[in-house]
Amino acid sequence: MGMLKRSVLLAAMLGLAPMWVAAADDAQLTQEARQQTKAFAQALQKTLKQGIQASGPDAAIQLCNTEAPAIAAGLSQNGWQVARTSTKIRNPDNVADAWELQTLENFAQRLKAGEDPAGIEATTVADGEFRYMKAIPTAPLCLTCHGAQLAPAVTAKLDELYPADQARGFNVGDLRGAFTLRKTLE
Ligand code: HEC
């Protein structure tokens, strides 16, 4: 192989290598994000079920109020920040930013079009951060606290803890919101 050919080959390899590494990194980060999301979802579900069984929905709301942010904080490790968001939020801390709003809109359309919610996710890299979102559909159980017709005790507890609550009036199959994760890239 001549000198010129060899250096062209080398340049091509050097040029392609960073792209290939970036793609591999994204796949790795997406995998990590999926694992974090699964752990978060399972912990939330467990707490919700225990709360409702032990003491009824209004006491379970109290539990959600303290436990949901604590579970998120506990899982936010290894550089990951784990949270939930929605276009209609209950906790004002969960307010969506521009990318999240745009992605929530896209998720709602995909859900309406019949896509399996288990596969509705999105990623982006912006401002030195890797970001991941996954759709959260509304299941029958969720209507107890996010539906259109709430028990008086549930309404009273929600009004007390979340005076600006927007997360009511959902139907089964609606997009309730999304998991939203971010990690700062080195
Ligand atoms: C016992 C009442 C209760 C039930 C049942 C319930 N939630 Fe919630 N949900 C809450 C409360 C309270 C919050 C606010 C938690 C906080 O302060 O972070 C909340 C917050 C959320 C959020 C975060 C965004 C926001 O609005 O602030 C999502 C997403 C969510 N719930 C989805 C669901 C889904 C999906 C289900 C059914 C699987 C469900 N919830 C069932 C009470 C409930």
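Predicted model: local features only at pLDDT ≥ 70, side-chain atom pairs only at ≥ 80, totals over all residues.
Biologist: At what angle do the axes of H2 and H5 cross?

Modeller: Helices (H or I, at least four residues) and strands (E, at least two) are DSSP runs numbered from the N terminus. Axes are lines fitted to C-alpha atoms, for helices over the stretch in contact, and angles run from 0 to 180 degrees between N-to-C directions. Here the axes of H2 (residues 57-75) and H5 (residues 152-161) cross at roughly 25 degrees and come within 8 Å. That makes the two helices roughly parallel, a label for angles under 35 degrees.

Biologist: Which residues make the contact?

Modeller: Contact means heavy atoms within 4.5 Å. H2 contributes Pro57, Asp58, Ile61, Gln62 and Asn65, and H5 contributes Ala153, Val154, Lys157, Leu158 and Leu161.

Biologist: How many residues are in the largest nonpolar core?

Modeller: In soluble globular proteins, nonpolar side chains tend to be buried together. A nonpolar core is a set of buried Ala, Val, Leu, Ile, Met, Phe, Trp, Tyr and Cys residues joined through side-chain atoms within 4.5 Å. Buried means under 20% relative accessible area (1.4 Å probe, protein chains only). The largest core has 15 residues, and Phe40, Leu44, Trp80, Phe179 and Leu181 have the most contacts inside it. At least two residues of this core come from each of H1 (3-55), H2, E1 (80-85), E3 (129-137) and E4 (175-184). Another core, of 11 residues, lies apart from it and includes Ala96, Leu111, Ala122 and Ala135.

Biologist: Is Gln36 buried or exposed?

Modeller: Gln36 has a relative accessible area of 13%, so it is buried. Its place is in helix H1. Leaving aside neighbours within four places in sequence, Gln36 is in contact with Leu75, Gln77, Asn78, Trp80, Val82 and Leu181.

Biologist: Where is Tyr162, and what does it touch?

Modeller: Tyr162 sits in the loop between H5 and E4. Its relative accessibility is 9%, so Tyr162 counts as buried. Not counting residues up to four places away in sequence, Tyr162 touches Ile61, Asn65, Arg90 and Asn91. Tyr162 and Ile89 are 73 residues apart in sequence, and 9.9 Å apart in space, C-alpha to C-alpha.

Conventions. Residues numbered from 1 in each chain as written. Heavy atoms only, no water. Parallel < 35°, antiparallel > 145°, perpendicular 65-115°, else oblique. Buried < 20%, exposed > 50% of the residue type's maximum accessible area, 1.4 Å probe, protein only.
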